[in-house]
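Here is a short briefing on charged and aromatic side chains. Please look over the structure first.

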Amino acid sequence: MTTETSAAQGPAPNPRALTWTRRRHSAARFWRAYRGHRTGLFGLAVLVLISLAAVFAPLLVGSDADSVTHAPGDAMESPGAEFPLGTDQFGRDLLALLVYGARISLTIGLLAAFLSVAIGTVVGITAGHYRGLYGTVMMRVTDWFLVMPTLVLAIALAVVMSGSLSTIILAIGVTTWPTTARLVRAQTLAVESRPYIERARALGGGHTHIMLRHVLPNVMPLVLAQTTLVISSAILTEATLAFLGLGDPTAVSWGGLLQDAREAGAVSAGDWWYLAPPGIAIAVVALAFTLCGRAVESVLNPRLGVSR
């Protein structure tokens, strides 16, 4: 009788299939809630357009847009029909350089933010879980980084190390993690005070099991929201370092374009087309990431009451 009943009910559901079904439903609920934030949708649309332009830059503006020897125009031409944003000191099309610069700026922003958030998450979770000497020491190190000017530390690292994209990513990543660490530690302390953590310990769950299987999934919404906010800060920091001449001189970035404009005397000559587009692009992307971050934070934590 039992065998007949089990056969009538069908085979048992696959746990992995159930997990992916729950994840799809969660993603669908998240997207429905996110669509209710007009500012978040605007920021996402701007980021998608800029990302597509960066990915397909060789198709849109050509593969040799950054070439000095094959510059299509004369030096410092004002905007016109042939060059909508004018040319730089070498005669290169500034619109093409602006599109190419999105590649470096977005790449550095994403990778530096990932490194920063990864370090902050690891430090925050471990410091919140191990509350003894280790947690105290890590929080004191975090406090030291918090009181030190982030830009000054990044400049010092960029000066000591070789000027390359990896150096800029490392300099930004290792100097901007303390805020994430503080937030994640506070969330870890809140999660570990819940009863099911005590039950997990009573059932024999070790430190790694509790941190990876119970704490990390609960702090991931905070980490995701923090990532979108850190990206905009990383892009601004990269632009600042490049403007100070600490970036890769062979790579075209928005901060590098501002540095080239300063060296070419565009400020004193009043060549606004050399200065304004990179600055506006940096501001727009930073604002778009901030709008997306606020929308994500509001969806994941509705009690914040972030404006739509």
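**Aromatic pairs**

Y134 is partly exposed at 39% relative accessibility (buried is under 20% relative accessible area, exposed over 50%, partly exposed in between; 1.4 Å probe, protein chains only). This is a predicted model: local features need pLDDT of at least 70, side-chain atom pairs count only at pLDDT 80 or more, and totals for chains, interfaces and linings use all residues. Residues are numbered from 1 along each chain as its sequence is written, and side-chain values use heavy atoms, with hydrogens and water left out.

- The structure holds six aromatic pairs (rings of Phe, Tyr and Trp, the last by its six-membered ring, with centres within 6.5 Å; planes under 30 degrees apart are stacked, over 60 edge-to-face, the rest tilted).
- One of them joins Y130 and Y134 edge-to-face, at 6.0 Å centre to centre and 85° between the planes.
- Y130 is also partly exposed, at 32%.
- The ring centres of W272 and W273 are 6.1 Å apart with planes at 85°, so this pair too is edge-to-face.
- W272 is exposed at 53%, whereas W273 is buried at 9%.
- F30, W31 and Y34 are linked into a cluster by ring pairs.
- R262 lies over the face of F243, 5.7 Å from the ring centre (NZ of Lys or CZ of Arg within 6 Å of the centre and within 35 degrees of the ring normal).

**Salt bridges**

- The whole structure has six salt bridges (a side-chain nitrogen of Lys or Arg within 4 Å of a carboxyl oxygen of Asp or Glu).
- D143 and R182 form one, at 2.4 Å from N to O.
- D143 sits in helix α6 and R182 in helix α9, so the pair ties together parts 39 residues apart in sequence (helices are DSSP runs of H or I, at least four residues, and strands runs of E, at least two, numbered from the N terminus).
- D143 is partly exposed at 22%, as is R182 at 29%.
- R131 and E192 meet at 3.6 Å, N to O.
- R131 is exposed at 52%, but E192 is buried at 3%.
- A network of salt bridges links R131, E192, E198 and R201.
- D88 bridges to R92, with the closest N and O atoms 2.8 Å apart.
- Both ends are buried: D88 at 0% and R92 at 7%.

**D93, without a salt bridge**

- D93 lies in the loop between α4 (57-61) and α5 (94-129).
- D93 is buried yet has no salt bridge; R92, the nearest side chain of opposite charge, is 9.8 Å away (Lys and Arg count as positive, Asp and Glu as negative; His and chain ends are not counted).
- A polar atom of the D93 side chain lies 3.2 Å from the backbone nitrogen of L95.
- D93 touches P72, F83 and G86, leaving aside residues up to four places away in sequence (contact means heavy atoms within 4.5 Å).

Key. Polar contact = N/O pair within 3.5 Å; in protein donor to acceptor, adjacent residues only side chain to side chain.
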